[in-house]
Amino acid sequence: MLNQTVVVTVDRPLGSVHPEHTDMYYPVNYGYIPGTIASDGEEQDAYILGIDEPLAVFTGKVIAIIFRENDIEHKLVVAPEGINFTQEEIRALTHFQEQYFEIRILM
């Protein structure tokens with residue numbers, strides 16, 4: 001899916017808290033790609049970077065894939081067309097959730 005344009009439905013907008021882990025704050029928009037099933041059997045999750053306001057839906061380009069080495073699912077990283085981030089920036093922006101996993105970022 002790298003470099004593909006996708007539509008993300010945001011179920012955890014920037015500034016929200018996790019529905020079960022109320023100590024987890026979302027500093028970025030986070031959601032899923034409807035109709036695209038991930039390895040965990042659920043719709044594919046995606047971080048949205050480069051937008052500084054809460055969203056409900058977003059169309060952007062997959063700029064990276066976060067592979068969780070010690071988990072069954074992986075996460076996509078989506079950004080507006082023409083906006084890129086380094087691996088270090090992606091790691092820092094997703095650390096709030098990815099800190100619990102051993103990750104490898106493919107760009």
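This is a predicted model: local features need pLDDT of at least 70, side-chain atom pairs count only at pLDDT 80 or more; totals for chains, interfaces and linings use all residues.

Student: Is Ser-16 buried or exposed?
Tutor: The relative accessible area of Ser-16 is 19%. Buried means under 20%, so Ser-16 counts as buried.

Student: Which backbone oxygen lies 2.7 Å from a polar atom of the side chain of Ser-16?
Tutor: Leaving out residues up to four places away in sequence, Ser-16 touches Met-24, Tyr-25 and Tyr-26. The 2.7 Å distance is to a polar side-chain atom of Ser-16, and the backbone oxygen belongs to Pro-13.

Student: How far apart are the C-alpha atoms of Tyr-30 and Ser-16?
Tutor: Tyr-30 lies in strand E2, residues 29-37. Along the chain, Tyr-30 and Ser-16 are 14 residues apart. Their C-alpha atoms are separated by 9.7 Å.

Student: What is the relative accessible area of Tyr-30, and with which side chain does its own side chain make a polar contact?
Tutor: Tyr-30 is buried, with a relative accessible area of 3%. Beyond its neighbours within four places in sequence, Tyr-30 has contacts that include Val-10, Asp-45, Tyr-47 and Gln-97. Lys-75 is also one of these contacts. At 2.6 Å, the polar contact of the Tyr-30 side chain is with the side chain of Lys-75.

Student: Why is the pair of Tyr-26 and Tyr-30 called tilted?
Tutor: Planes under 30 degrees apart count as stacked and over 60 as edge-to-face, with the rest tilted. The ring centres of Tyr-26 and Tyr-30 are 5.6 Å apart. Their planes stand at 40 degrees, so the pair is tilted.

Student: How is the pair of Tyr-47 and Phe-96 arranged, and how many residues apart are they?
Tutor: The centres of the Tyr-47 and Phe-96 rings are 6.0 Å apart and the planes are at 85 degrees, an edge-to-face pair. Both Tyr-47 and Phe-96 are buried. Tyr-47 is in strand E3 (residues 43-48) and Phe-96 in helix H1 (residues 87-98), so the pair links distant parts of the chain, 49 residues apart.

Student: Which residues do ring pairs link into a cluster?
Tutor: The structure holds four aromatic pairs. Both Tyr-26 and Tyr-30 are buried. The cluster linked by ring pairs consists of Tyr-26, Tyr-30, Tyr-47 and Phe-96.

Student: Over which rings do the charged ends of Arg-68 and Arg-104 sit?
Tutor: The charged end of Arg-68 is 3.7 Å from the centre of the ring of Phe-101 and sits over that ring. For Arg-104, the charged end is 4.7 Å from the ring centre, and the ring it sits over is that of Phe-67.

Student: How many bridges pair E2 with E3, and in which sense?
Tutor: E2 also runs antiparallel to strand E1 (residues 5-12), joined by three bridges. Between those two strands, Val-10 has Gly-31 as its bridge partner. On the E3 side, Asn-29 is partnered by Ile-48. E2 and E3 pair over six bridges, in the antiparallel sense.

Student: Which residue takes a positive phi in the hairpin of E2 and E3?
Tutor: The hairpin has five residues between the strands. The positive phi is near 85 degrees, and the residue is Gly-41.

Student: How far apart are the C-alpha atoms of Gln-4 and Lys-61?
Tutor: Gln-4 lies in the segment before E1 and is partly exposed, at a relative accessible area of 41%. Gln-4 and Lys-61 are 57 residues apart along the chain, and their C-alpha atoms are separated by 5.5 Å.

Student: What pattern does the protein follow along the sequence?
Tutor: The secondary structure comes to one helix and six strands. Read along the sequence, the pattern is β-β-β-β-β-α-β.

Student: What radius of gyration does the protein have?
Tutor: Of its 107 residues, 42% count as buried. Among contacts between residues at least 6 apart in sequence, 56% join residues at least 24 apart. A compact globule with 107 residues would have a radius of gyration near 13 Å, and the protein agrees with this, at 13 Å.

Conventions. Residues are numbered from 1 along each chain as its sequence is written. Side-chain values use heavy atoms; hydrogens and water are left out. Rings of Phe, Tyr and Trp (its six-membered ring) pair if their centres lie within 6.5 Å; planes under 30 degrees apart count as stacked, over 60 as edge-to-face and the rest as tilted. Buried means under 20% relative accessible area, exposed over 50%, partly exposed in between (1.4 Å probe, protein chains only). Helices (H or I, at least four residues) and strands (E, at least two) are DSSP runs, numbered from the N terminus. A charge sits over a ring if NZ of Lys or CZ of Arg is within 6 Å of the ring centre and within 35 degrees of the ring normal. Contact means heavy atoms within 4.5 Å. A polar contact is a pair of N or O atoms within 3.5 Å; within protein, one must be able to donate a hydrogen and the other to accept it, and residues adjacent in sequence count only if both atoms are side-chain atoms. Two strands pair if DSSP finds at least two bridges between them. The radius of gyration is taken over C-alpha atoms; the globule rule is 2.2 Å times the number of residues to the power 0.38.
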